[in-house]
Amino acid sequence: MATVKPFKCVRPNPDVADKVAALPYDVYSRAEAKEKVKGDNLTFLRIDRAETQFDDSVGTYDECVYEKARQMLDADIANGVYIKDQDSCYYIYELIMNGRHQTGIVACASIDDYQNGLIKKHENTREDKLLDRIHHVDTCSAQTGPIFLAYRSNKIISETVSETKKKDAPIYSFTSDDGITHNVWKLSDPAKVETIRTQFELLGSIYIADGHHRCASAVKVGMKRRQENPGYTGDEEFNFFLSVLFPEDQLMIMPYNRVVRDLVGLSVENFMARVRVNFHIHEVAGPFEPTDRNTYGMLLDGQWYELAARSSLRAISDPVGSLDVSLLQDYLLGPILGIGDPRTDKRIDFIGGIRGLEELERRCKTDMRIAFSMYPTSIQELFAVADAGRLMPPKSTWFEPKLRSGLFIHQI
């Protein structure tokens, strides 16, 4: 029985919402973030990445960086950049990308549901990234980047959302620089609020689609606050974390492509011979983007190939081992190209599908030797891995469009 509750949201003044909303903190390097916030006194990125307010002699994780984030957030609230709703509400958040609509419910999920496995994960977290967001949330006493959750589609929730979108005017409606349209409605009708709350209770499992580090950090801060407040009741805001929940049938996962620096000393002939043990290889005329599972594009020395997994690989039924990303790692990248741990090996890099095959070609002309285009992991595969209590290989999914930070803030 999942707890998905309404909350009193701190959110931008409608006059500046489009200027405040920012892509997630982790899509930028420090240099990129610094350039992005230059001369901009409204973007939430300057709070999410407060090291941009200092010169490069100040470390990204220095104490003064988190304190600066808190000061800027408090100042923006005091100056009217943000307002705080006094009623506990849900919010409907619609993103439109290339004509495709994706609509989620902004709410607060329970740290207990995460702890007991009702909210399921499919990725590991890295300690350095986790500590950063723990410090940020704890110092700001606010969750500022929503966790992207997915749930199995529910007719009653969908009808309630659709009815609200048709009946009420949005509180925000704007198109960001990347062409994504963002529409937000406030859902405060008590009957509708209760309908959504009870329907989520009936759903069972909820899945982390994107934002594992933000989720884990929110939970860690919540557990820390419980230790600091031994008389806690469970109703305090630190027991919940900011989320946007989307039905599975509206989500789009893009491929997460791979590029590798070299052939680890192999000749092209030797490499191809070893690949043919587990994959059929067909030379193709131009860039190859797979249209089905168990197939891959491969770019080597300016030539594109189609790789197709042989029947022995297609027969694998394990929910993790059968993933396309696993087959490539377990039967090519690892044993042939020597990529033992893709999380740490500097010879491999990962390219989000949003950047297209042109980026693979560019990298192979500059700093890489070989590239692989992937077929995207499906949301059903993600659910199956999470339901089995397993973890996906790193860089298995790339979700688009990205949720904006700064549109919804949950104070704890």
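Strands and helices here are DSSP runs numbered from the N terminus, E of at least two residues for strands, H or I of at least four for helices. Two strands pair if DSSP finds at least two bridges between them.

Quick housekeeping. This is a predicted model, with local features needing pLDDT of at least 70 and side-chain atom pairs counted only at pLDDT 80 or more, while totals for chains, interfaces and linings use all residues. Residues are numbered from 1 along each chain as its sequence is written, and side-chain values use heavy atoms, leaving out hydrogens and water.

Now, the pairings. Strands of a sheet pair through backbone hydrogen bonds, either parallel or antiparallel. S15 and S17 run antiparallel, joined by six bridges, and glutamate 283 sits opposite tyrosine 305 in S17. S17 also pairs with S16, again antiparallel, over six bridges; there, tyrosine 296 faces leucine 307 in S17. Those two strands form a hairpin with two residues between them, where aspartate 301 takes a positive phi near 50°. On to S19: four bridges join S16, residues 295-300, to S19, residues 370-373, in the antiparallel sense. Glycine 297 has serine 373 as its bridge partner in S19.

How many of the seven residues of S17 are buried? Five, so S17 is largely enclosed by the rest of the structure. Buried means under 20% relative accessible area, exposed is over 50%, and partly exposed is in between, with a 1.4 Å probe and protein chains only.

So what lies across the sheet? Contact, by the way, means heavy atoms within 4.5 Å. Phe271, Met272 and Val275 are the buried residues in H10. They cover an arc of only 95° around the axis, which puts them on the same side of H10; the arc is taken from the directions from the helix axis to the C-beta atoms. Their cover includes S15, S16, S17, helix H12 (324-333) and S19.

Then there's helix H13, residues 356-366. Gly356, Leu357, Glu359, Leu360, Arg363 and Cys364 are buried in H13, and the buried residues of H13 pack against S14, S16, S17, S18 and S19.

Zooming out to the protein chain: there are 14 helices and 21 strands. Its C-alpha trace spans about 70 × 50 × 45 Å along the principal axes. With 412 residues, a compact globule would have a radius of gyration near 22 Å, and the chain has 23 Å, which agrees. That radius is taken over C-alpha atoms, and the globule rule is 2.2 Å times the number of residues to the power 0.38. Of the 412 residues, 55% count as buried. And among contacts between residues at least 6 apart in sequence, 77% join residues at least 24 apart.
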